[in-house]
Amino acid sequence: MATTLTRSAPPPTPPRSARARHGGWIALFVAPTVVLFGLYTLWPSLSSVFYSMLEWRGLGTDRSFIGLSHYERALADPLFWRSVGVTMAIIAVTVPIRVAIALVLAIMLNNPRLPLARLLRTAFFLPVVATTAIVGIVMGFVLDPSAGPVNTLLELLGLPPVDFLGSSDTALGSVMAVHIWKWMGITMIYWLAALQTVPMDLYEAAEIDGAGTWHKFRHITLPMLTPFAVIITLLTVVETMQVFDLVLTMTGGGPFFSTLVTEVYIYEQAFTSANPNLGYAATLGVLFGVLTVIVVGSLLLITRLVRGRKEVTA
Amino acid sequence: MNPTRRTMLGASAAALTATLAACSRSSDSPDTSGTGSGTDAAPTGTLQWWDHFEPLESALTGLFEDFATAGGGEVERTVYNPNEMGQALQLALGSDQMPDVFSNLTDIPAPALVSRELVGAVTLDSQAQSAAADLLFEGMHTFDGAVYSIPLFSHQQHSSLTWFDLDQVERAGGDPEAMTITWEEFRRLARAITANGDMPAWVGNLAFTGRLEEQIVDLAQAAGRPLAFNTAGVSAPDVTDPATGDYVFNSEEFIEALEFLASLIADGVMLGASTSLDARDARARWAAGDAAIFFDGPWNPGVLSGQFPDFLPQVSVTNLPSPDGNGYTARGPSSGQFWMSATSGHVDGVGTLFSLLTRPEFSTALASNMDQPPVDLAAVADADVDPTYTRAIDIFTDWCRLAPSPLVRNPAVGEVIAQMEEIRPSLGEIVQGYLGGNIDDASAALTTFNDAISAERDRAIDAVTSDGLEVSLADWEFSGYELGTDYGPDRY
Amino acid sequence: MTSTLSRPTAERASPAKGTDRRRLPVSRKTMRWVQTAILVVVALIWIYPLLWIFAASVKDATGIFAGGLSLLPEQWHWDNYSRAWSEAGFSRYMINTVIVTVATVAIVVVRCAAAGYVIARYRFRGRRLLIGVLAATMFIPTGLFIVPVVELSDVLGLLNTHLGLILALAGGGHVAAVLLYAGFFAQIPKELEEAAVVDGAGFARTFFRIMLPLSGPITATVVVLTFLATWNNFFLPLVFTFSVPDNRTLAVGMLAFEGTNSTDWSGLAAAASLSLLPILALFVLLQRHFVEGIAGAVKS
């Protein structure tokens, strides 16, 4: 969204006199956002950078400046890098699946003549609304190795039971699946929105020409949706970087670090470690923020390059 | 509420404490700060009492009523979830809203609470003074002879009692009357129960690494490993070898204890879901009939009577398993639960309240909650409690002892512990990793851990001594201690 | 965007068409019903865990654990709801949550719409910088800002107050909302504004009487997304209510069901069900606008 905005045409320029006349209003309209944003986003970001250079123990209130030594430690911290790996793996796996499932559902549910379409939309959106804490508890039951329905089903199929959340081999996959389930609804809504921009008469014209479902999808829907795919994927990536709550309630990062995402590791360092270290937690936070910006930035760059090439070849 | 959980939560709360401490700088500016002055808190209004001991509702309400009847005035109690207690305190500290009395969940060692002037000394009445005389340790409850806090709970406890379903154990040929059990008998029983086919024998709480840490330490003690503890809580940095002062997590007894737990998995007697259960979930699964045996603390019947009353009559308990069935465990002295803010304007009232805490009637009321046992275990006999709770206390009376405490010998030890970075994977995580198959060589993992934590303590000692405190490895050595005996106040 | 607005929505377009129905009378209709049937089955599986929460809210602890996956309780324990509502203080938490959420949503809508409006339609010094900074911070994980935010609120004397909490919730982030509004307002034809000016409407009047009402779909989107985030927010309300338990919100109040040694699962499930209802109602109510709003935004 950000990119599309900055690339969109500059705003209409009202006559000079109008601008002068409106100066006060403009300031008034921007002020709340500038002030609040400065206080609650910019200032905390800068403070975090400052904290990251402090020796700030959990058990005391003393803070002393230690420069960049936390950064040295963080760059050599295997658990930090492991957590970054886990976070990236979650993004790499869940984002494409989530975006794809959501697209298929959105196309089906966008059909105006589909019975119960709105009820079904609500149903698929429902997990988004549910409180994460309780989702963690329910999923414990659903994925239970001895009595859960998934394993009951596996047993019926003659397959061995799987310890979904308790084994370090499967815990990450299980968390990914639940994450997709929980948040797919919002991506579906994004796609539904994008689909509103495809003119209905195009489909109708195609149907008159005898086009099948696949044909319509391939030649109308897909080309029209391509530009949105970038934005929707990006939004999904950003949302996925915040898997914190779900992981904390489902596995707490375990078993044996297998689902330790970066935010959980930072949280541990700051709040639950035997000897919490707020300065170090801030350092990890800053590094993670930088990594996020790099990931998102390079995704954008790649998209732009790919698009650019397409335009050239076309 | 059991020591380990408290320690763990305490640590997290302490973190937030610090977080918010820094946050509170603004209102803590030098000239307006009331810390330690005690003059700005007018002795008006009700006495504010904050704690995180939710199961103590009835016992404390009774205490406050007695206090009010005796003309002491109103007490307003606020109960916090343990997760929030420390955070609430620090916020209050920052904004000069400290309650008159609070429970110290923050895990700031007692000496530090005193030296930072966060807490004040109280005056006990003569009856309380004589009642508490044997319970108070200098450097933990008293400082320069003045009383600051009183221990409520006994050090004679642990969280690894073997709680079982009577029918299942009887059908498998076990002796439900036995107060102790050997490793061999436990394994035989577990295999027999599983073979009977109703349910797997044992449910563990492998997702709760803090509890695992506590259980491995107690199992190692029961296997004969003498250990020194700073307090009644279990946290790896606090647990050392009394003979040498060293950490001994890679000693034979620890490895045997770990292998004992692993054998339960190898025998196929563990409920599969154990790997993703914490203690609360595991207890519920056990109570719902998913498994026959569950290791838990003395508070188990208290929880069952509230949530699973139908199951309680089918339950009994024996001590934690040990190689020969005669394993002792020990813990350090129990620290004080309640402290008076240095800023409190109700010094006399708090003194009276703390005196009431030492009365036998309070111990009895405490016992009837069926939570952590009261300091005076004998009080349980007079309380109206479930027979299994009485049985658990009998087991503790016979098999739990007082360990020596480096912290009591030298309060500067607390500063060392506070300086130590956490070693990952932690002891509890190693247990989880080994039982879950992520670690193949338990001995190697424990040795790595032991080396790392030893080096970390050396570093912390250096840091603390360079700040001018006197502390050395010798403070951790207690040559005369034998597991199975009490290391009382007179032996320091 | 305007085209989206003026174009009939999918639902409205449908009845007008009937040509294909005549040509492929049975197969298409049957296909649709088959598709619906499949979707209904999938949807039921999809919401099963949520039905389970509701079922758990009318069971007792033994029923939850012994009943496993069955949705029907052996005995209906409606008392879980009364326990959650009165004993655990949920009536009060509900009021707090409503106050905090409504105020936060209102602030977010007004401030983001206002900022989006001037960013989209006026050139002023620092405009590019503002857009740049907003866009750059959109991707920073803000969940870790709790410490400085508490520090700040204490300096402002707002700790432990509803206002402090509302400002913290409404203040940070919400970059997407600003950009959504900016994208929308950028596409409104200039003539509309000029007509307003001719009618003698001033700056504020133009915005509040013409522009803001036009942005209905965007507002619906922002309302739902902000409502969702605020209603379920946990950490900020937690920290802001330590010393004043009476100010707690539902998400924080749920903690009360987790005791030291035990969890009141059924009470927790009842509380979760209760807190789910308002947000669900809002979604159903605003669903169509919501989709349109995002459509407009995505398109821009």
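Predicted model: local features only at pLDDT ≥ 70, side-chain atom pairs only at ≥ 80, totals over all residues.
Colleague: Thanks! Is helix 9 of chain A roughly parallel or roughly antiparallel to helix 10 of chain A?
Modeller: Helix 9 (residues 200-208) and helix 10 (residues 213-240) of chain A pack with their axes 11 Å apart, at an angle of about 165 degrees. Helices here are DSSP runs of H or I with at least four residues, and strands are runs of E with at least two, numbered from the N terminus; axes are lines fitted to C-alpha atoms, for helices over the stretch in contact, and angles run from 0 to 180 degrees between N-to-C directions. Angles under 35 degrees count as roughly parallel, over 145 as roughly antiparallel, 65 to 115 as roughly perpendicular and the rest as oblique. So helix 9 of chain A is, relative to helix 10 of chain A, roughly antiparallel.

Colleague: How many charged residues does the contact of helix 9 with helix 10 of chain A have?
Modeller: Leu202(A), Tyr203(A), Ala206(A) and Glu207(A) of helix 9 meet Lys216(A), Ile220(A), Thr221(A) and Met224(A) of helix 10 in chain A, where contact means heavy atoms within 4.5 Å. Ala, Val, Leu, Ile, Met, Phe, Trp, Tyr, Cys and Pro count as nonpolar, Asp, Glu, Lys and Arg as charged, and the others, Gly among them, as polar. By class, the contact of helix 9 with helix 10 of chain A has 5 nonpolar residues, 1 polar and, as for charged ones, 2.

Colleague: Over in chain B, is helix 2 roughly parallel or oblique to helix 12?
Modeller: The axes of helix 2 (residues 57-69) and helix 12 (residues 347-357) of chain B come within 10 Å, crossing at roughly 130 degrees. That makes helix 2 of chain B, relative to helix 12 of chain B, oblique.

Colleague: What share of the area buried between chain A and chain C do carbon and sulfur atoms give?
Modeller: In this pairing, 96 residues of chain A are in contact with 102 residues of chain C. Buried area is the accessible area (1.4 Å probe) that two parts lose on being put together, summed over both. Between chain A and chain C it is about 9,400 Å², and the share from carbon and sulfur atoms is 77%.

Colleague: Which residue of chain B meets Asp51(B) in a salt bridge?
Modeller: A salt bridge is a side-chain nitrogen of Lys or Arg within 4 Å of a carboxyl oxygen of Asp or Glu. The structure holds 21 salt bridges over all chains, while the count between chain A and chain C is 0. At 2.7 Å, N to O, the side chain of Asp51(B) meets that of Arg77(B).

Colleague: Lastly, which residue does a cis peptide bond join to Arg424(B)?
Modeller: The loop to look at lies between helix 17 (412-419) and helix 18 (427-435) of chain B. With omega about -10 degrees, the cis peptide bond joins Arg424(B) to Pro425(B).

Technical notes: Residues numbered from 1 in each chain as written. Chains lettered and ligands numbered in written order. Heavy atoms only, no water.
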